[in-house]
Amino acid sequence: MSDVFTPEKRSAVMARVKGKNTTPELKVRKALTALGARYRLNRKDLPGTPDIVLPGRRLAILVHGCFWHGHDCPRGSRTPKANREYWIAKVARNIARDQRTAAELAAAGWRVETIWECELKDGAALSERLQRLLQQTPLTPRLLRSSPNWR
């Protein structure tokens with residue numbers, strides 16, 4: 001099956017796919033703000049530029065779209081019929097990058113939490129999950145200073 005758009009139109013459509021300030025990210029940020037948490041966005045000095053960072057808690061939150069990051073939910077397991085091989089390879093690269101980013105953050109002393117787009121449908125469950133994350137004890141300052149990427 002061929003693409004329904006011309007290559008120029010397809011390029012324009014794909015260029016409009018946002019990487020920051022997506023609707024799922026905004027929902028998580030709104031829930032964190034309601035819980036009184038303060039956070040930073042897209043810190044470029046950390047591996048993978050995490051979506052949301054709570055530096056005092058050494059917590060990096062990655063908000064993933066199910067389709068783009070290959071989640072095992074119905075939306076994430078869907079593969080487009082057009083250009084199937086490209087999409088399979090694309091999602092596989094995204095999954096590998098996500099695993100590498102999480103490992104690098106953990107090695108640098110950060111707690112890493114992934115929140116999937118499909119998990120945002122239940123606002124109460126999201127709020128409870130975030131509250132539990134905020135209540136967990138971060139690394140002590142002594143342990144932080146011994147971390148190679150302490151800032």
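Of the 151 residues in the chain, 35% are buried. The model is predicted, and the chain contains 6 helices and 4 strands. Along the sequence, these elements follow the order α-α-β-β-β-α-α-β-α-α. Among contacts in the chain that join residues at least 6 apart in sequence, 58% link residues at least 24 apart.

The largest nonpolar core comprises 16 residues, and those with the most contacts inside this core are Val28, Leu32, Ile52, Leu54, Ile61, Ile115 and Leu130. At least two residues of this core are supplied by each of helix H2 (23-34), strand S2 (52-54), strand S3 (59-64) and helix H5 (123-135). The largest share is that of H5, which contributes 4 residues. Apart from this core lies another, of 6 residues, which include Leu46, Val53, Ala60 and Leu105.

Contacts of Ile115, residues up to four places away in sequence being excluded, extend to Val28, Ile61, Leu62, Val63, His64, Leu120, Leu126, Arg129 and Leu130. Among these partners, Val28, Ile61 and Leu130 are, together with Ile115, listed with the residues that have the most contacts inside the largest core.

The buried residues of H5 are Leu126, Arg129, Leu130, Leu133 and Leu134. Viewed down the helix axis, the buried residues of H5 fall within an arc of 135°, and they therefore line one face of the helix. The cover over these buried residues includes H2, S2, S3 and strand S4 (111-116). At the start of H5, the backbone nitrogen of Ala124 has a side-chain oxygen of Asp122 within 3.3 Å.

Two residues of helix H4 were also considered. Thr101 is located in H4, which covers residues 84-107. Thr101 counts as buried because its relative accessibility is 10%, under the 20% limit for that class. With residues up to four places away in sequence set aside, Thr101 touches Pro47 and Gly48. Ile88 also has its place in helix H4. The relative accessibility of Ile88 is 47%, so this residue counts as partly exposed. A distance of 9.2 Å separates the C-alpha atoms of Ile88 and Gly70, which are 18 residues apart along the chain.

A disulfide is a covalent bond between the sulfur atoms of two cysteines. The structure holds 0 disulfides. Cys73 is in no disulfide, and the nearest cysteine sulfur, that of Cys66, lies 3.5 Å away. Cys73 is buried, its relative accessible area being 10%. Cys118 is likewise in no disulfide, and the nearest cysteine sulfur to that of Cys118 is again that of Cys66, at 3.7 Å. Cys118 counts as partly exposed, with a relative accessibility of 26%.

Conventions:
Residues numbered from 1 in each chain as written. Predicted model: local features only at pLDDT ≥ 70, side-chain atom pairs only at ≥ 80, totals over all residues. Heavy atoms only, no water. Buried < 20%, exposed > 50% of the residue type's maximum accessible area, 1.4 Å probe, protein only. Contact = heavy atoms within 4.5 Å. Core = buried A, V, L, I, M, F, W, Y, C linked by side-chain atoms within 4.5 Å. Disulfide = S-S within 2.5 Å. Arc of directions from axis to C-beta. Polar contact = N/O pair within 3.5 Å; in protein donor to acceptor, adjacent residues only side chain to side chain.
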